[in-house]
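Here is a short briefing to read with the model open in your viewer. Take a moment to look around, and then we can go through it by topic.

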Amino acid sequence: MDKRTLRYIALLRKMNPFLEGNVLDYGCGDGAMTSVFIPLNSTSNFFAYDGPETNGQNVQELLNQAKILLNKRARVIERKEDLPKEYFDTITLICMLHGNENIIEQCHPYLKKGGHLIVIDHDKKHLSDEEYIQSITDADRNEILQRSYNEVLRDHTKMDVYDCCRITRSMRLRTVKTLDHRTLEGFPFYLCVSEKN
Ligand SMILES: C[S@@+](CC[C@H](N)C(=O)[O-])C[C@H]1O[C@@H](n2cnc3c(N)ncnc32)[C@H](O)[C@@H]1O
């Protein structure tokens, strides 16, 4: 495994203390990321959902891939109407908030009171042009191919952990833990865990 993947797994591990009970990966895409963090925690029941708003991708195709990849390890929920309200102890939003600022409002009804919302996203606002280019991963490259370099640049440098906290607090969620590129030795991601009162 390359260094960047190992660092990403180390970041995903930081979610572990907050993954409990029924865990929903909201916006799971093809389930690739969900399939990485499920094995890091064996005690939870995992669910995965991907929604109707995409960047030109066929959601049904993504969900079919997720069903194969997550087979027997997570239940893939295909329709928003089938998401039970106030049912999930944890909801994860992995690389979902940038460019989609109302996603927290959208998933909020499905989180139990006392449950945790975990946001992990790009933290690249502070990078120079050169540092940004060096930070581009294979996953970013795929996104650039589907959209455009400039759109991805705009979205990945749009928000930081403070922007995330501003949104979660406006939803009356209590911030429990934050990490960003400063606390992750320059790794350009942030993590924000908050609790629903
Ligand atoms: C950047 S991808 C992230 C996928 C995955 N979380 C990961 O980290 O690999 C964004 C995903 O969010 C989904 N999506 C976009 N808007 C959504 C919404 N309003 N509700 C649920 N899913 C959404 C898209 O279909 C896409 O699969």
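Is Cys95 buried or exposed? Cys95 is buried, because 20 other C-beta atoms lie within 10 Å; a residue is called buried if 20 or more other C-beta atoms lie within 10 Å of its own, exposed if 12 or fewer, and partly exposed in between, with C-beta atoms placed from the backbone. Please keep in mind that this is a predicted model: local features need pLDDT of at least 70, side-chain atom pairs count only at pLDDT 80 or more, and totals for chains, interfaces and linings use all residues. Residues are numbered from 1 along each chain as its sequence is written.

**Overall build**

- The protein has eight helices and seven strands; these are DSSP runs numbered from the N terminus, helices being H or I with at least four residues and strands E with at least two.
- The radius of gyration is 16 Å, which agrees with the value near 16 Å for a compact globule of 197 residues; the radius is taken over C-alpha atoms, and the globule rule is 2.2 Å times the number of residues to the power 0.38.
- Along the principal axes, the C-alpha atoms fill a box of roughly 45 × 35 × 30 Å.
- Buried residues make up 36% of the 197 residues.
- Of the contacts with a separation of 6 or more, 68% join residues 24 or more positions apart; a contact means that two C-beta atoms, placed from the backbone, lie within 7 Å.

**The sheet**

- Seven strands form an open sheet with mixed pairing, in the order β3-β2-β1-β4-β5-β7-β6; two strands pair if DSSP finds at least two bridges between them.
- β3 (74-77) and β6 (173-179) are the edge strands, and each pairs on one side only.
- On average, neighbouring strands of this sheet are turned by 20° against each other, direction ignored; the axes behind such angles are lines fitted to C-alpha atoms.
- β1 (residues 22-26) pairs with β2 (residues 45-49) in the parallel sense over five bridges, and Asn22 stands opposite Asn45 in β2.
- β2 also pairs with β3 in the parallel sense, over four bridges; there, Ala48 has Val76 in β3 as its bridge partner.
- The covered face of β3 holds Ala74 and Val76, while Arg75 and Ile77 are on the uncovered one.

**The nonpolar core**

- In soluble globular proteins, nonpolar side chains tend to be buried together.
- The largest nonpolar core has 46 residues, and Leu24, Ala48, Ile91, Leu93, Val119 and Cys164 touch the most other members; such a core is a set of buried Ala, Val, Leu, Ile, Met, Phe, Trp, Tyr and Cys residues joined through C-beta atoms within 7 Å.
- Not counting residues up to four places away in sequence, Leu93 touches Tyr26, Gly27, Ile103, Cys107 and Val119.

**Positive phi and loops**

- Cys95 has a positive phi of about 50° although it is not a glycine, and its place is in the loop between β4 and α4 (103-107).
- Glu86 also has a positive phi, near 50°, in a residue other than glycine.
- Glu86 sits in the loop between β3 and β4 (88-94) and is exposed, because 12 other C-beta atoms lie within 10 Å.
- Arg73 lies in the loop between α3 (59-69) and β3 and counts as partly exposed, with 13 C-beta neighbours inside 10 Å.
- Leaving aside neighbours within four places in sequence, Arg73 is in contact with Ile38 and Phe46.
- Arg73 and Met159 are 86 residues apart in sequence and 32 Å apart in space, C-alpha to C-alpha.

How values were computed
Axes fitted to C-alpha atoms, helices over the stretch in contact; angles between N-to-C directions.
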